[in-house]
Amino acid sequence: MREGRPASRAGRPSACRAATPPSPERGTPGIADAAPGLEVTCTGRTGTPVPTSTRARRAEMKIGIIGAGNIGGNLTRRLTALGHDVSVANSRGPETLRALAEETGARAVRAEDAARGAEIVVVTVPLKAVPDLPSGLLAEAAEGVAVIDTGNYYPQRDGRIAAIEDDGLTESRWTERHLGHRVIKAFNGTYAQDILDRPRPAGDPERIALPVAGDDAAAKAKVRALIEQLGFDTVDSGGIDDSWRQQPGTPVYGLRAGAEAVAKALAEASPQRPADFRA
């Protein structure tokens, strides 16, 4: 999850890279040059994004957000503005989320209650906190729940994780094993402020694209549709074992660009973890 670093102009086929980690997207045109299996979607579902100051009258989906940092907080703001029924939790208890709940209309709950009945659950906590999430976290989620993992492995923050560094697990595969549920990797390289500032209607030349990885086709489709509703295009970056293409230090991480450029950046990624992101 990218809290906020690189700054660049959005919307050009060749956009700029992050000056410092973490974030996704860079590029040049060339869907034809993309790696096998990279699929580009350039159309959104809803046209112009709903401003954060307005509320839809009907809740479209029940969404749980676990983690209320910059990414979790801004997703809470945007998703409630779009009319979704949002429950948000953090590690410190619902009383610490009173201001966010009052601002957005979301329900502040305990982490173990955030997924109850949810069709989509967003897990947006530091990787080191994943093993400490309540057991049975998703037991009462809706059938077919899609779980979004926004996390990144930063050894300086998370400590050394041997399964990632020595065994070669992708970060989201490691998270999946702890959650006991398949995940969809998204928003891990997205600047938090971009969630509020950079939504654009479908077809807008400045609309940026986000890579999305996962093994569950139905869950991935649900997450891509939600991202497109938020005002961004999506690029299918493959399964969770392919999600190294969007981990920190890859060309797409920190890139703000359109779908063709994002697809090209994913195709240019190397599976070797950069030295800056190893313990």
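Q: Is Phe 187 buried or exposed?
A: Phe 187 is buried, at 3% relative accessible area. Buried is under 20%, exposed over 50% and partly exposed in between, with a 1.4 Å probe and protein chains only. This is a predicted model, where local features need pLDDT of at least 70, side-chain atom pairs count only at pLDDT 80 or more, and totals for chains, interfaces and linings use all residues. Residues are numbered from 1 along each chain as its sequence is written, and side-chain values use heavy atoms, leaving out hydrogens and water.

Q: Where does Phe 187 lie?
A: In the loop between strand E7 (184-185) and H7. Helices (H or I, at least four residues) and strands (E, at least two) are DSSP runs, numbered from the N terminus.

Q: And what is the phi of Phe 187?
A: Phi of Phe 187 is near 65°, so a positive value in a non-glycine residue. Most residues other than glycine have a negative phi.

Q: Switching to H1: how many of its 12 residues are buried?
A: 10 of the 12, so H1 is largely enclosed by the rest of the structure. Among the buried ones are Ile 71, Leu 75, Arg 78 and Leu 79.

Q: What do the buried residues of H1 pack against?
A: Partners include strand E2 (62-66), strand E3 (85-89), helix H2 (98-104) and helix H8 (217-230). Contact here means heavy atoms within 4.5 Å.

Q: What comes after H1?
A: Gly 83 follows H1, with a positive phi near 100°.

Q: New topic: how many aromatic pairs are there?
A: The count is 2. Rings of Phe, Tyr and Trp (its six-membered ring) pair if their centres lie within 6.5 Å; planes under 30 degrees apart are stacked, over 60 edge-to-face and the rest tilted. Tyr 154 and Phe 277 make a tilted pair, 6.4 Å centre to centre with 45° between the planes.

Q: Why is the pair of Tyr 253 and Phe 277 edge-to-face?
A: Because the planes of Tyr 253 and Phe 277 are at 80°, with ring centres 6.1 Å apart.

Q: Which residues form the aromatic cluster?
A: Tyr 154, Tyr 253 and Phe 277 form one cluster. Tyr 253 is buried at 4% relative accessible area, and Phe 277 counts as buried at 6%.
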